[in-house]
Every structure is written in C-alpha cells, then in structure tokens.
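I opened my notebook for an afternoon with this model and wrote down each thing I looked up. Here are the entries, in the order I made them.

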Amino acid sequence: MNFIYINQNILDNLFYILVSILIYYILLDHGKRLSQYGKTLITACMSIPIILCMKFPIYIDEYCVHDLRQIPFIIGTLYGGWPVGAALLVIILTFRFAFYGFNLLTLIVYIVIFIITALFSLKFKNFNRKNKLNSSILLILFLGILTSFISLFMSDYFRITEAYVFYFIILPPFIIGLAVYIIEILKDAIIIRTQMVRLEKMEVVSQLAASISHEVRNPLTVVKGFVQLLKAPDLTQEVREQYIQHVVRELNSAESIISEYLAFAKPAIEKVENILINREIGYVIEMIKPLANMNLVTISNQLAPGITRGNIQHFKQCFLNLIKNGIEAMPNGGELNIVSYVNNFDIIIEISDNGVGMNKEQINRFGEPYYSSKEKGTGLGSMVAVKTIQTMNGTLHLTSALNKGTTISITLPVYREDHSGK
C-alpha cells in the first residue's frame, strides 16, 4: 500500500489528544465544582479523543485499523486508575465494534492493555516527573510489542507491516512522552499557582498581625508607663489629672487604630442615609483647620450642593484621612484646594495640593494594605478611604507629579429623591 507515514491524519489524531488534555486541566483549574469529580472529568475528556481517533483513523488496511486511540486510553488509566480505565475500556470497545464490527482479537488485546496499565498505575502515581515520563514510554513500547505477539499468535491473517511497526511500535512512545510531559507541566503550574495564592494570604495575615501589634503596642507602652507613675504616693492632684489625661488619650489612640483596621476588614455600611456633600465636607474642613494652621497650610474650597447615599460617619472619616494626607504632603506649607461639582449623574470631588507629590510606584500602590509614602505612616488612612469609596459604589482616581503636587478625584453617584436613585 502506498502511503506517507507522517500525514495529516496523524496530526489530527495528535490534535485530538493534546486538546483534550488541555481542556481537562482548564476545567480542573477553573471549575471548582468540577474538581471534586476528577475521575469522571478525566474519563469524559479522554473518551473524546478515543472516539475521534477511531472515527478518523490514520488509515485502514485489510488487517488492521491504524489510529492512536490507545494513547488516551493508557493516559486515562495511568492518571485515573482502574475505575477510569474500566470506563474507557467499555467506551473504546463499544465504539470500535460499532464502527468496524466485532472482533475477538481486539477485545483480548484491549483487555490485556487495561489489566497491565491498571496494575502499573498504582506505582505510576508516586513517580516524579522524570520517572513518569520514562516509565510511560517504556510501558507503551512494551504493550505494543506484547499485543503484536498476541495478534500473531491468535490470527492467521494478521501481518506486521512497515506501517504497523511505525504506527503501533515506534510512534506511540514519542506521542505519549509528549503528552505526559505536558500533563506534568500543567499539574505543576496549577499546584504552584495554588501555593502562591496561599502564600499571599499568609503574607497578608502576617503583615496585618505585625502592623496591628506595632501600632497598638506604642500607645499601650505609654499607658503602662503613666500607670506606673500614678503609683507614686507624693503626686499632686494636678499632676495626677495630667497623667490620667495622657492615659485616656493613648487608649483612644489605640481604639482608633483598631477601628481603622476593622473598617478596612469589614467596611459595611451599617446605616445608609442621605449625605449632603457640601455640608459634610465643610464639617471635615472645620475639624481639620487647626492641623492645617499648624502646618502653615491654607485650605480653600468651592463645594457645590449634591446628595449621595452612604454612612455619614464613614464618609467623614474617609475625607478626613484624604485631606489629612494632603496637609502632611506639604511639610513646608502650601495650599489645599477642595472642589466639588455635579456632572450628570455623578458628584465629582477633587482634593489638590502643591506638596511633594508621588512617583509612579507610590501612585500604583496608593490604598494598598500596609503601604505608606510617609516615613511613619501605616497606610491605614488611605486604605480605609479607598475601601469606603468602593463600598459607596464610587471610584477614586489619583494624578501626581514629584515636587508639583497631587490631585485626588473621587466620583460618587448622585442620589435624587424624586427618582429614588440616580
């Protein structure tokens, strides 16, 4: 028979096998519910190339149907064990007899392949990548030679042709080696990604614990010192009152730090109400003016009337943090400008300073947990502010240039009582 060994049909068979492997790992990685049905999933994914390889064989001669169905059959049995192998055996025999009729030799050959592969799969699962690769190649080579001798022994019509040697003895070890290598790479990629996610979570937890410990320890240390001083018997009432005031102030500081962490971890809006933007931001400006005066910062504002929905306390805390950041960004004094206006269905609030500015990395990491551009900052203020704005269905955009200043633009949805929304 005249034919070309490496032809389009071989590439088609190889395509069916490799794509099915990729589909299996995509479903396994992204389908959380599917991951608990691993054996069913691998059975379904390996049965597809088995059927397609038989439906579109490499070629058919008078002695044998030439295709690569045995490769997904062996892969499924090696990685899924004997339950998957048994299911694939039923599928492969059913479709083989449906397409080309019953053949006793085919039945015996695939039962032999199933038994040997299922027994070998018990050890195969414990091998490393290199051993899996080598053992799978040797296994399919051994099975090819063994089944050839069985066929010669049982059939007077069976012939070992050059095509048979190439397609059943020489080619399968190369293809299964490629398939096993790809499978192991995909498995390692999924495992590494899972470990990275777990490590990132552990890092966040450790940073959170370290940050809370560091921030709370400072005021508690001060409290401890003043409590010890209060034990002195010769303290005047005036000095005692001063010490008590220091203790209360430091305890309030510790409580504030814990509250900020809780607001970041769960900034749920406990009480949703109408927020008059110009009035509430005006209150915040009045609250923070003493700090601005101490830092030689002038605050100017142009606040247009506008209403949004949210928790007023969280809203004021959010803008208190942002305005305070702007003041602290101007250590030598300057001007802080706060503007608000309504644009269609949005309220735009802009906070601009002419301070030290931020570089690209600082802009990208603004609001990131445990990151601050200030020497003694913790990042809690900006972190809570970003989270609060997100909870109110708003957005925050930041533009900055070093030694020129920073502008923070906050967009919040307008609330109109006549429309009960935007």
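**Entry: a leucine in a helix.** Is Leu178 buried, exposed or partly exposed? I noted first that the model is a predicted one. I then found Leu178 in helix α6, which covers residues 162–230. Its relative accessible area is 36%. Buried would need a value under 20% and exposed one over 50%, so Leu178 is partly exposed.

**Entry: cysteines.** I went looking for disulfides next. As a reminder to myself, a disulfide is a covalent bond between the sulfur atoms of two cysteines. The rule I used asks for a pair of cysteine sulfur atoms within 2.5 Å, and by that rule I counted zero disulfides. I looked up two cysteines for their surroundings. Cys45 has 7% relative accessibility and counts as buried. Cys318 is buried too, with a relative accessible area of 1%.

Entry: How many cavities of 30 Å³ or more does the structure hold? I found one. For the largest cavity I wrote down a volume of about 50 Å³. Which residues line the largest cavity? My list reads Ile21, Tyr24, Tyr25, Ile42, Met46, Ile75, Tyr79 and Ile183. I then sorted the lining by element. Helices α1 (8–30), α2 (38–55) and α3 (70–100) each give at least two residues to it. The largest share, three residues, is from α1.

**Entry: two of those helices together.** I stayed with α2 and α3, since I wanted their packing on the page. Two packed helices are described by the angle between their axes and the distance between the axes. For α2 and α3 the angle is about 40 degrees and the axes are 8 Å apart. I noted their crossing as right-handed. The contact of α2 with α3 is made up of 18 nonpolar, four polar and three charged residues.

**Entry: positive phi.** Which residues other than glycine have a positive phi? I wrote down two, starting with Leu296, whose phi is about 60 degrees. Leu296 is in the loop between α8 (277–294) and β4 (297–303). With 64% relative accessibility, Leu296 counts as exposed. The other one I noted is Asn344, with a positive phi near 60 degrees. Asn344 is placed in the loop between β6 (334–343) and β7 (346–353). Its relative accessibility is 59%, and I put Asn344 down as exposed.

**Entry: an asparagine in a loop.** Where is Asn311 found? I found Asn311 in the loop between β5 (307–310) and α9 (312–328). Is Asn311 buried or exposed? Asn311 has a relative accessible area of 10%, and because buried means under 20%, Asn311 is buried. I looked for a residue from another part of the chain to go with it. Glu273 is 38 residues away from Asn311 along the chain, and their C-alpha atoms are separated by 6.2 Å.

Key:
Residues are numbered from 1 along each chain as its sequence is written. This is a predicted model: local features need pLDDT of at least 70, side-chain atom pairs count only at pLDDT 80 or more; totals for chains, interfaces and linings use all residues. Side-chain values use heavy atoms; hydrogens and water are left out. Buried means under 20% relative accessible area, exposed over 50%, partly exposed in between (1.4 Å probe, protein chains only). On a 1 Å grid over the protein atoms alone, a cavity is a set of points where a 1.4 Å probe fits but cannot get out, and a pocket is an open set with protein on both sides within 12 Å along at least five of seven lines; lining residues have an atom within 4 Å of a point. Grid points are joined across faces, edges and corners, and a volume is the space filled by probe spheres set on the points. Helices (H or I, at least four residues) and strands (E, at least two) are DSSP runs, numbered from the N terminus. Axes are lines fitted to C-alpha atoms, for helices over the stretch in contact, and angles run from 0 to 180 degrees between N-to-C directions. A crossing is left-handed if the near helix is turned anticlockwise from the far one by less than a right angle, and right-handed if clockwise. Ala, Val, Leu, Ile, Met, Phe, Trp, Tyr, Cys and Pro count as nonpolar, Asp, Glu, Lys and Arg as charged, and the others, Gly among them, as polar.
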